[in-house]
Amino acid sequence: MTVNLLDLDLEGLTVFCERLGEKRFRAVQLFRWIHQKGARQFDDMTDLAKSLREKLKTCAKVEPLAAVSQHISSDGTIKWLFDVGGGNAIETVFIPEEDRGTLCISSQAGCAVGCRFCSTGHQGFSRNLTTGEIVAQLWFAEHFLRQRLQRDERVISNVVMMGMGEPLQNYGELVPALRVMLDDHGYGLSRRRVTVSTSGIVPMIDRLAQDCPVALAVSLHAPNDALRDTLVPLNLKYPLAQLVAACHRYLAFAPRDFITFEYCMLEGVNDTDACARQLVERIKAHPGAWCKFNLIPFNPFPASGLLRSKPERVQAFASILNDAGITTTIRKTRGDDIDAACGQLAGDVKDRTRVMLRMERNRTLRPHSLQDLTKTVTGVSA
Ligand code: SAH
Ligand code: SF4
């Protein structure tokens, strides 16, 4: 069987190399070639013995994802669509900012949670991504950007698991992928610059705390169970009191961190002053500055039947939280013009995907000159 080395964290690669009769330092060399230099061909890995390279060719490969399309937004955001086979596609989004480059990664094709305001959720669940498919999104984006920008140093400084899917419902494949991101021989991202966003799978929050306590974002969206039940069906299983308790247990493993609560602003649904005050009460029931709020203007899609809150409403809501001492920011919508904003990542599973994949393949990729790309991602630093 041929092993895709993108599926392995350093520990896994060490075991793999040991089975080939190779020492750990060979695994480190191989890992660095793949993730730090973006090498795919074993013959390019010049400091590995020729005999090892030949051996690797018989039992291993570095298999990236097939990029079907690339769209660049006027604000510099780049969205890639990757074909993951079986008529499924996933999306990955790069968001350049002054002081950082953030990659938004998918963890599943579709999602089983079915939140009312999320276009991925409306499509249903197709399948979990493998560790290799999660890592391949970073591998591709990082080395693509480095090449296009002619940079030797890191371009992507932050990863957020906020693409398609519920990462904690794909826990077994997620954790090794996180380890590749954090490993100094891999992408060397610091623990606080890798964020897992979850709709609130309580037992898995506890496991993540033990296994890999990266930054945690929790999609809250409502101040009480009655409303949250209607927006995030998972709330019926793990209601708010349990979720908030899990957040506190998490922080015990990640001292000096905070939880980021995401709150999608839906006009007339969860955006009233009364909702904001109820949130304050809930948060203030626990002492200390243990969380921050990120208000996300809802990105509408036709089937949702929901509307985006007016900017003044979002401001007023933020003011109530901020005045109560809860740090609250309003997320800037990025990549609107290329459907790359939160919740617009459809990736179109099932029938619609097949049609879309066919259309994307037939479309000539718009050429983006290096100059264009450099212009759009100017200011991104490692
Ligand atoms: N499944 C995980 C991560 C992916 S969703 C989660 O739910 O946290 C990433 C973020 O986008 C979540 O906070 C989610 O609530 C938000 N989101 C989903 N649909 C949205 C939409 N249509 N408009 C704005 N934000 C949305
Ligand atoms: Fe799934 Fe997150 Fe969308 Fe809910 S918001 S359906 S958990 S991807």
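**Burial, Contacts and Ligands in a Predicted Model**

Buried residues account for 57% of the 382 residues in the chain. The model is a predicted one.

Visitor: What does the secondary structure of the chain come to?

Guide: The chain has 13 helices and 14 strands. Among its contacts between residues at least 6 apart in sequence, 68% join residues at least 24 apart.

Visitor: Why is Ile134 called buried?

Guide: Ile134 has a relative accessible area of 0%. Buried means under 20%, so Ile134 is buried. Ile134 belongs to helix α5, residues 131–149.

Visitor: Which residues does Ile134 touch, leaving out those up to four places away in sequence?

Guide: The residues touched by Ile134 include Ile105, Ser106, Ser107, Leu129, Met161 and Asn170. Also among them are Glu173, Leu174, Ala177 and Met181.

Visitor: Why is Gln150 counted as exposed?

Guide: The relative accessibility of Gln150 is 65%. Exposed means over 50%, and therefore Gln150 counts as exposed. Gln150 lies in the loop between α5 and β9. Its phi is near 50°, a positive value in a residue other than glycine.

Visitor: Is His221 buried or exposed, and why?

Guide: His221 is buried because its relative accessible area is 4%, where the limit for buried is under 20%. His221 is placed in the loop between β11 (215–219) and α8 (225–231). Although His221 is not a glycine, its phi is positive, at about 70°.

Visitor: Why is Asn158 called buried?

Guide: A relative accessible area of 10% is given for Asn158. The cut-off for buried is under 20%, so Asn158 is buried. Asn158 is part of strand β9, residues 158–161.

Visitor: What makes the approach of the side chains of Asn158 and Arg193 a polar contact?

Guide: The side chains of Asn158 and Arg193 are joined at 2.9 Å. A polar contact requires N or O atoms within 3.5 Å, one able to donate a hydrogen and the other to accept it. The pair formed by Asn158 and Arg193 is such a contact.

Visitor: What joins the side chains of Asn158 and Ser157?

Guide: The side chains of Asn158 and Ser157 are joined by a polar contact of 2.7 Å. For residues adjacent in sequence, a pair counts only if both atoms are side-chain atoms. Leaving aside neighbours within four places in sequence, Asn158 is in contact with Arg100, Gly101, Thr102, Leu103, Leu189 and Arg193.

Visitor: How many residues surround ligand 1, and which are the closest?

Guide: Ligand 1 is surrounded by 20 residues, and the closest are Phe117, Gly165, Ser197, Ser219 and His221. A polar side-chain atom of Ser197 is 2.7 Å from an oxygen atom of ligand 1. A backbone N or O atom of Gly165 lies 2.9 Å from a nitrogen atom of ligand 1. A polar backbone atom of Asn299 is likewise 2.9 Å from a nitrogen atom of ligand 1.

Visitor: Where does ligand 2 sit, and which residues are around ligand 2?

Guide: Ligand 2 sits in the largest cavity. The residues around ligand 2 are Cys111, Val113, Gly114, Cys115, Cys118, Gly121, Gly165, Glu166 and Ser199.

Visitor: How do the residues of this shell divide?

Guide: The shell around ligand 2 holds four nonpolar, four polar and one charged residue. Cys counts as nonpolar, Gly as polar and Glu as charged.

Methods: Residues numbered from 1 in each chain as written. Chains lettered and ligands numbered in written order. Predicted model: local features only at pLDDT ≥ 70, side-chain atom pairs only at ≥ 80, totals over all residues. Heavy atoms only, no water. Near = heavy atom within 4 Å. 1 Å grid on protein atoms, 1.4 Å probe; cavity = no way out; pocket = protein on both sides within 12 Å on 5 of 7 lines; lining within 4 Å. Sits in = over half its atoms within 2 Å of the grid points. Helix = DSSP H or I, 4+ residues; strand = E, 2+ residues; numbered from the N terminus. Buried < 20%, exposed > 50% of the residue type's maximum accessible area, 1.4 Å probe, protein only. Contact = heavy atoms within 4.5 Å.
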